[in-house]
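Hi,

Here is the structure I promised to pass on to you. Have a look at it first, and my notes follow below.

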Amino acid sequence: MTTRFTKDHEWVRLEGDIAIIGITQYATEQLGDVISVELPDVGKSFKKGDEIAVVDSVKTAAEVYAPLSGEVIEINDGIEDAPQLVNDEPLAGGWFAKLKIADKGELDGLMDEAAYAKHIA
Amino acid sequence: MADTADLNKTPLYDLHVELGARMVEFAGYAMPVQYPSGIMTEHLHTREAAGLFDVSHMGQARVTGDEAALEALITADLSALKPGEQKYTLLLNADGGIMDDLMVSRPFGADGGLFVVVNAGTKGKDFAHMREAFAGKAELHELSDRALLALQGPAAAAVFTGLVPDAAKLVFMQCGVFTLDGVEIYASRSGYTGEDGFEISVPADKAGKIARLLLSDARVKPIGLGARDSLRLEAGLCLYGHDMDEDRTPAEAALTWAIAKVRRERVDFPGAAKILKQIADGPAQKRVGIKPHDKSPAREGAEIVHEGEVVGVVTSGGFGPSFGAPVAMGYVRADLAKPGTPLELMVRGKARAAEVASLPFTPHRFYRG
């Protein structure tokens, strides 16, 4: 199971035609303590690059962009109730949403872990 | 990390870097916005124990000569300022607009002149304005060879008086000259967090030594500008350039308490006629506390709406770690300034419910003896 990354510090993990998305450890370090997350409505469709969520930290608000096109089939209510999870487990319990995607080809434009590590270095 | 190579550095720059601070630009200085523990932890630590802040970027000066020359520019009654006392006051332009807020104190005895602390972003302008107005009657001696530390929080007094026993006699808004580890310091019992604490002026070349000594106490942690901002916002304290500026008067900024009674009676502070009329008639707009009802903070610049009409703007907004929810301040139409008045805040194009809240959000815990 591969995880891919965007230059804007989102991650996406594909399970069949379902994409799980979130923000990276680096993003959470830049944001500082997350205090609220606004997640999209289930059933809504987004194009790659659309604003899909907003993260508020003690410092600032940051938009989260859809790394792939698709329809939201599930959101992580856990991070709405306990936003600190985004800081604690950005790549696990701090996931944002699951999308049913149409075009796996969109994944090709994203970075693998090594390329992302270079991007943030 | 932001490129801070060309910025001014405070005498504690190396210590901040050593402590792992994230340095950012603020008022032309490279300043620590946070240390590795983060803003939330730093904020809560200050309210629970003690936080040490580097505020050496602020302007420090000694004013000697005819004090009436300074008094003419501000809202305080300097003749009532006794040795060992400190006052919060406002520097006003001829129209009554707020040029800066500042602390003026008399730590050097009856004949030693005044000690003045102004904001970092305005110090050049403030000092030039003062020098021009003093016109030989008074002198401004900028103390650029001094650093300024703030030690704030419920444990601040125990920590500080452990090192400076004489300072135990100070209550809120009192000051004096003391000796700390063999170094002459000017200390006042005041701050910008709503907590008990001290502001400590030290020679620049001793700042590192004194900061390390204070930090060697387990109750003290270094605190960056991020938590300084959330602490002062919860305490309902204004940030110059945001919650007040030259376009706002003390009446609009809800700072009329900083205008001394005798100055009102004499109608002799800058913009007095205009400001006294605003106080009598009520200003068109007024600064208020605002409590958003949902979890997303409204940030500076967010429009404030009431019954479909834009009635003001948020001037400070964020999350209050001790309050446990978003907090804000802003200006609203004066008839909407009453606590409990429902408002809406425009955040990312959506109107979000909020209400006018009384300030401060967290109770002040100053030591009044």
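B:Lys209 is partly exposed, at 38% relative accessibility (buried is under 20% relative accessible area, exposed is over 50% and partly exposed lies in between, with a 1.4 Å probe and protein chains only). The side chain of B:Lys209 meets that of B:Asp181 in a salt bridge, at 3.3 Å from N to O (the term stands for a side-chain nitrogen of Lys or Arg within 4 Å of a carboxyl oxygen of Asp or Glu). B:Asp181 is partly exposed too, with a relative accessible area of 44%. The pair links distant parts of the chain, 28 residues apart: B:Lys209 sits in helix H6 (residues 207–215) of chain B, and B:Asp181 in the loop between strand S11 (175–180) and strand S12 (183–188). Helices (H or I, at least four residues) and strands (E, at least two) are DSSP runs, numbered from the N terminus.

A word on the ground rules. This is a predicted model, where local features need pLDDT of at least 70 and side-chain atom pairs count only at pLDDT 80 or more, while totals for chains, interfaces and linings use all residues. Residues are numbered from 1 along each chain as its sequence is written, chains are lettered from A and ligands numbered from 1 in the order in which they are written, and side-chain values use heavy atoms, leaving out hydrogens and water.

Over all chains, the structure holds 28 salt bridges. One of them joins B:Asp229 to B:Arg232, with the closest N and O atoms 2.9 Å apart. These two residues are three apart in helix H7 (residues 225–234) of chain B, so about one helical turn separates them. B:Asp229 is partly exposed at 32% relative accessibility, whereas B:Arg232 is buried at 1%. Another salt bridge brings together the side chains of B:Arg263 and B:Asp268, at 2.7 Å from N to O. Here B:Arg263 is buried, with a relative accessible area of 1%, and B:Asp268 is partly exposed, with 31%.

Now to the interface. In chain A, 15 residues are in contact with 14 residues of chain B (contact means heavy atoms within 4.5 Å). The area buried between the two chains is about 1,300 Å², and carbon and sulfur atoms give 45% of that; buried area is the accessible area (1.4 Å probe) that two parts lose on being put together, summed over both. Of the area that chain A buries against chain B, 39% comes from A:Ile35, A:Val58 and A:Lys59, more than from any other three residues.

How many salt bridges does the rule find across the interface of chain A and chain B? There are four. The side chains of A:Asp56 and B:Arg299 meet in a salt bridge at 2.7 Å, N to O. Both residues also belong to a network of salt bridges that links them with A:Glu38, B:Asp294, B:Arg348 and B:Arg352.

B:Ser105 counts as buried, at 2% relative accessibility. Leaving aside residues up to four places away in sequence, B:Ser105 touches B:Leu81, B:Glu85, B:Gln86, B:Gly113, B:Leu114, B:Phe115 and B:Cys175.
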